[in-house]
Amino acid sequence: MIVSTKANGRAAQATGASVSEDRLASRTRRMSASAISEILKVASRPGVISLAGGLPAPESFPVAYAHELIEGALKKHGPSIFQYGPTEGFLPLREAIAGYLAERDVVAAADEVVITTGSQQTLDALGKVLISPGDKIAVESPTYLGAICGFNPYQPDYVALESDDDGVIPEALEQALEDHVIKFVYLIPNFQNPSGRTLSLARRKAIAAMARKHGALIIEDDPYRSLRYEGEHLPTLWSLAPELVVYAGTLSKVLSPGMRIGFCVAPPLIRRWIVLAKQGMDLHTSSLDQAIAAEYISGGYLKSHLPDIIALYRPRLGAMLDSLEESLPKNYSWSHPEGGMFLWLSGPAGLDTEKLYPLAVERNVAYVPGRYFFTTPGEGNNTARLNFSNVDEAAIRTGIEKLASLMLETTGR
Ligand SMILES: Cc1ncc(COP(=O)(O)O)c(C=O)c1O
């Protein structure tokens, strides 16, 4: 019998029944409402200089010529851009992404590219099709919080891999692969979120060789590669071991995060399962957004706009590095990224960035306490992630000065 929700509501009122926690699936036990969303809420209060979020600068968005992108897409594809489409993605976008990827040495045909709703969806889909409860996943330490949130509902156990300034330490990975059955290894080789570190060439080669030796599957999450402000691009892990690497990318950092356009290239079996998982999630990514994104790449807008984005962020990174140098003594250290959006700050043992956070917000500056990026409790209490993409140089300087003086008040000089 079909009963209207209104009637159900009335019945609930009459009996006092309500939905309680025991109605929830067991997997929700690993899906804690992240404390970080509270942190970001506070960070977005008016007047607060936020070095907390991971937002691209609004000035980097294609506002001035968005109408050209939509008109171009409409002219080429007509009403089909408002229609349902294939789960794998809008073919002109898959073709455009294949061209974009070839420039970063991921050589794949258009039909080997899957469009996802942000690269976050690739991570969720991989969790869904690869992780059974109790499976072990190797992750950098620290690692991207969104990946942990994406994987957690599938109830994995994490093996944390020690990392230093050159990224994950290959010996740590070798040890993990020898000691455990690792379902996959999740890595962010370029300008890592949260640390800003880049995996060195020698380590990329060592890790690719190790993957081959152990038959290990690697997830290469690469949202920041295009945002390189100095130095040379390094080969992707995919290019070094394509048969064992799932390459995940996104247009969130070079077009718009709000459009939710991600993509991946994966070994055929995994690609098929990602598509099946995606079908159940959202059928396909927005046709309109995919068509606009296709126009952005194939119309040459990305190529001409990317140098502007780099020119916007490079001095912001420089301002942050200079201010840290001027404001903090030698018992503090920080990463020196050559690109991306984040820098990683470590203080002396007495520093507790979580405790300090409300005081920092009182002084109108926000960051993310580093402990949230570790899978092992108790780690990273003296660390913080600092974002430099979303505020200008003057605000960065003021923010770092405020933060540094607060930190020095608690740890001494
Ligand atoms: C390492 C990493 N992976 C994935 C994502 C998700 O990006 P998207 O907007 O494509 O879902 C982010 C976003 O900040 C990220 O930093």
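Which elements do the buried residues of α14 pack against?

1. **Basis of this note.** The model is predicted, and for that reason local features need pLDDT of at least 70 and side-chain atom pairs count only at pLDDT 80 or more, while totals for chains, interfaces and linings use all residues. Residues are numbered from 1 along each chain as its sequence is written, and side-chain values use heavy atoms, with hydrogens and water left out.

2. **Helix α14.** The buried residues of α14 pack against β1 (49–50), α12 (301–327), β11 (342–346), α13 (353–362), β12 (365–366) and β14 (383–387), where contact means heavy atoms within 4.5 Å. Helices (H or I, at least four residues) and strands (E, at least two) are DSSP runs, numbered from the N terminus. The residues of α14 that are buried are A395, I396, G399, I400, L403, A404, L406, M407 and L408; buried means under 20% relative accessible area, exposed means over 50%, and partly exposed lies in between, with a 1.4 Å probe and protein chains only. The helix covers residues 393–411, and its 19 residues should span 27 Å at 1.5 Å a residue, which agrees with the 26 Å between its end C-alpha atoms; the expected span is 1.5 Å times one less than the number of residues. After α14 comes G412, whose phi is positive, near 75°.

3. Most residues other than glycine have a negative phi, and most peptide bonds are trans. The residue that follows α10, L283, is not a glycine and yet has a positive phi of about 65°. L283 lies in the loop between α10 and α11 (287–298) and, at 44% relative accessibility, counts as partly exposed. N364, also not a glycine, has a positive phi of about 70°; N364 is placed in the loop between α13 and β12 and is partly exposed, with a relative accessible area of 31%.

4. **Cis peptide bonds.** The bond from S141 to P142 is cis, with omega near 5°, and P142 belongs to the loop between β3 (136–141) and α6 (145–151). A cis peptide bond also joins N193 and P194, with omega about 20°, and P194 is found in the loop between β6 (182–187) and α8 (201–214).

5. **Aromatic pairs.** A pair of aromatic rings is described by the distance of the centres and the angle of the planes. Rings of Phe, Tyr and Trp (its six-membered ring) pair if their centres lie within 6.5 Å, and planes under 30 degrees apart count as stacked, over 60 as edge-to-face and the rest as tilted. By this rule the count comes to nine aromatic pairs. The ring centres of Y100 and F263 are 6.3 Å apart and their planes stand at 80°, so this pair is edge-to-face. The pair links distant parts of the chain, with Y100 in helix α4 (residues 91–102) and F263 in strand β9 (residues 261–265), 163 residues apart, and both Y100 and F263 are buried. The rings of Y357 and Y367 have centres 5.4 Å apart and planes at 80°, so that pair is edge-to-face. Y357 lies in helix α13 and Y367 in the loop between β12 and β13 (368–369), ten residues apart, and both Y357 and Y367 are buried. F151, F184 and Y186 form one aromatic cluster.

6. **Cavity.** A search of the whole structure finds one cavity of 30 Å³ or more, and the largest cavity has a volume of about 30 Å³. On a 1 Å grid over the protein atoms alone, a cavity is a set of points where a 1.4 Å probe fits but cannot get out, and lining residues have an atom within 4 Å of a point; the volume is the space filled by probe spheres set on the points, which are joined across faces, edges and corners. The lining consists of E140, G167, V168, L187, I188, P189 and L199.

7. **E171.** E171 lies in helix α7 (residues 170–179) and, at 56% relative accessibility, counts as exposed. E171 and I207 are 36 residues apart in sequence, and their C-alpha atoms are 9.2 Å apart in space.

Terms used. 1 Å grid on protein atoms, 1.4 Å probe; cavity = no way out; pocket = protein on both sides within 12 Å on 5 of 7 lines; lining within 4 Å.
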